[in-house]
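Colleague: Could you walk me through reading a model like this one? I'd like the general idea each time, then the case at hand.

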Amino acid sequence: MKTFFTVLGASIAFFLTIAMFGTSGWVRPPLQTTQNGFRGTGMDQIHTRAGVAAAKDANLAPAPADPAEPGEELAGATYENVQVLKNVSVNEFNRLMTSMTEWVSPEQGCTYCHNTENMADDSLYQKKVARRMLQMTQAINTNWKEKHVGGTGVTCFTCHRGQPVPANIWFTNPGPNHTSGFVPRNNGQNMASPSVGLSSLPYDTLTEYLADKNIDNNAIRVNATTALPTTKGKPIQDAEKTYGLMIHMSEGLGVNCTFCHNTRAISNWSQSTPQRTTAWHGIRMVRDLNGNYLEPLTSTFPAARLGVLGDAPKVNCTTCHNGQSKPLNGAQVIEPYPALAKSTEVAGAAETAPAAEPAPTAPAPTPVPAPQ
Ligand code: HEC
Ligand code: HEC
Ligand code: HEC
Ligand code: HEC
């Protein structure tokens, strides 16, 4: 009997060890750390060399198309139904159509957006969506240049990556459909939603924090600013929702909380990294994209593309970042595509055209917003 239990114990230990190394959730050493915050604060990013290499390979930017031959003719004057790319030369226009096909619909080709009998025809919803996407991309590269995307910029590929529907989109999550039960109001918790890293945090924090086009609504403030309470303060539920969003942001960027926060003083801006300021603007940018570009396309999309509540597909941090702190390994993607770097709607005013979309409503927010 004793031998039996020894053998049994040894084999269980053996298989558990194998399982520990072989299954997900266990990261095989050696681990590397990169210092991101102030020296000595332990604000490190922890990763494996293999993990970094895999993320790099999964996020390669395609080589830009050869530059277009210079030409005087403008697309707006040459073609019948060009509304956005008006003051782009015909050569540049055709180059961009070819690249857009590679970025968005490489398998389907031009016919994904066009009725090839008549290229000017707008009957396919894909073309109407793509026209708005052109405006959205130009707005990201102008209105959000200083505050978020920098000289790196974005093209259609940043989100689409060779697919008509980007891999990382989201819809409002209605949650479970029963309203009664043991815990009828559970603050959306214990539903294990991927958007909050399968934690027991509220399952739909994205709708609350990333879908409002009034981009300065709903400041994400839960920490007290005084040692003792002076007002009633925010309910604990708000803190849980905030953590849900923070987990989404960390996973979307492939970083730890310490990429942005000094965790001994989470809310303190002067102890946070510059990346936290970029992230602060990123939250507002995503609200702008969802509220002003995607949501208004709800009636253009076919029903099959909408969420269970009939809402439009939306963008979050992962749509562009895909697990990296700088999308596409930080590759500078916008310079070879000047037509996507600024508004091209005013014929003949290529260099000085103002942004097509009004700048985000609020005056430029200061990097360190005053606590509320
Ligand atoms: C992802 C969608 C998409 C794909 C793929 C696409 N196009 Fe387009 N195309 C558009 C949009 C949107 C417009 C209108 C642009 C505007 O209003 O500024 C347009 C306009 C055009 C026009 C002008 C038609 C006219 O007379 O008004 C031509 C020509 C054209 N595309 C050619 C092509 C070719 C050739 C391909 C394949 C290599 C292609 N397009 C692939 C979205 C697409
Ligand atoms: C910030 C991210 C982002 C960028 C940049 C972007 N798109 Fe999109 N695009 C989306 C999202 C999100 C959707 C909605 C997905 C869906 O259709 O279900 C979408 C949908 C589309 C669709 C409709 C696909 C379908 O079958 O429903 C087309 C066509 C398209 N985009 C073209 C473009 C073009 C062309 C560009 C560049 C000029 C571009 N997009 C840039 C995020 C982006
Ligand atoms: C990419 C940067 C970034 C990462 C990573 C990040 N945060 Fe944040 N965090 C922010 C920003 C920006 C705000 C302020 C948002 C606002 O004011 O709209 C914030 C706010 C907070 C707040 C509220 C602070 C207050 O003033 O009340 C808490 C709590 C918080 N984060 C916790 C976390 C935790 C926990 C993690 C890791 C799971 C995390 N954060 C990861 C950028 C980040
Ligand atoms: C439209 C695409 C897009 C979306 C959506 C987006 N970002 Fe970014 N983000 C970028 C680009 C491009 C850069 C690189 C900017 C640069 O090189 O200066 C960047 C850079 C950053 C950085 C700085 C990284 C560093 O290493 O310095 C942070 C932090 C960041 N984003 C956070 C966020 C958060 C948080 C969200 C969601 C709330 C978000 N981003 C959504 C495109 C995007």
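Below, we take the fold, then the core, then a ligand shell.

Modeller: Happy to! This is a predicted model, where local features need pLDDT of at least 70, side-chain atom pairs count only at pLDDT 80 or more, and totals for chains, interfaces and linings use all residues. Residues are numbered from 1 along each chain as its sequence is written, while chains are lettered from A and ligands numbered from 1 in the order in which they are written.

Colleague: How many helices and strands are there in the protein?

Modeller: Helices (H or I, at least four residues) and strands (E, at least two) are DSSP runs, numbered from the N terminus. Here there are eleven helices and two strands, in the order α-β-β-α-α-α-α-α-α-α-α-α-α.

Colleague: Which residues have the most contacts inside the largest nonpolar core?

Modeller: In soluble globular proteins, nonpolar side chains tend to be buried together. A nonpolar core joins buried Ala, Val, Leu, Ile, Met, Phe, Trp, Tyr and Cys residues through C-beta atoms within 7 Å; buried means 20 or more other C-beta atoms within 10 Å of the residue's own, placed from the backbone. The largest core has 50 residues, and Leu 85 and Leu 289 have the most contacts inside it. Helix H10 (274-294) is among its suppliers and gives the largest share, seven residues.

Colleague: And which residues come nearest to ligand 2?

Modeller: A residue is near a molecule if its C-beta atom, placed from the backbone, lies within 6 Å of it. Of the 25 residues around ligand 2, the nearest are Met 133, Cys 156, Cys 159, Pro 164 and Pro 313. H5 contributes the most to this shell, with six residues.

Notes
Buried ≥ 20, exposed ≤ 12 C-beta atoms within 10 Å, placed from the backbone.
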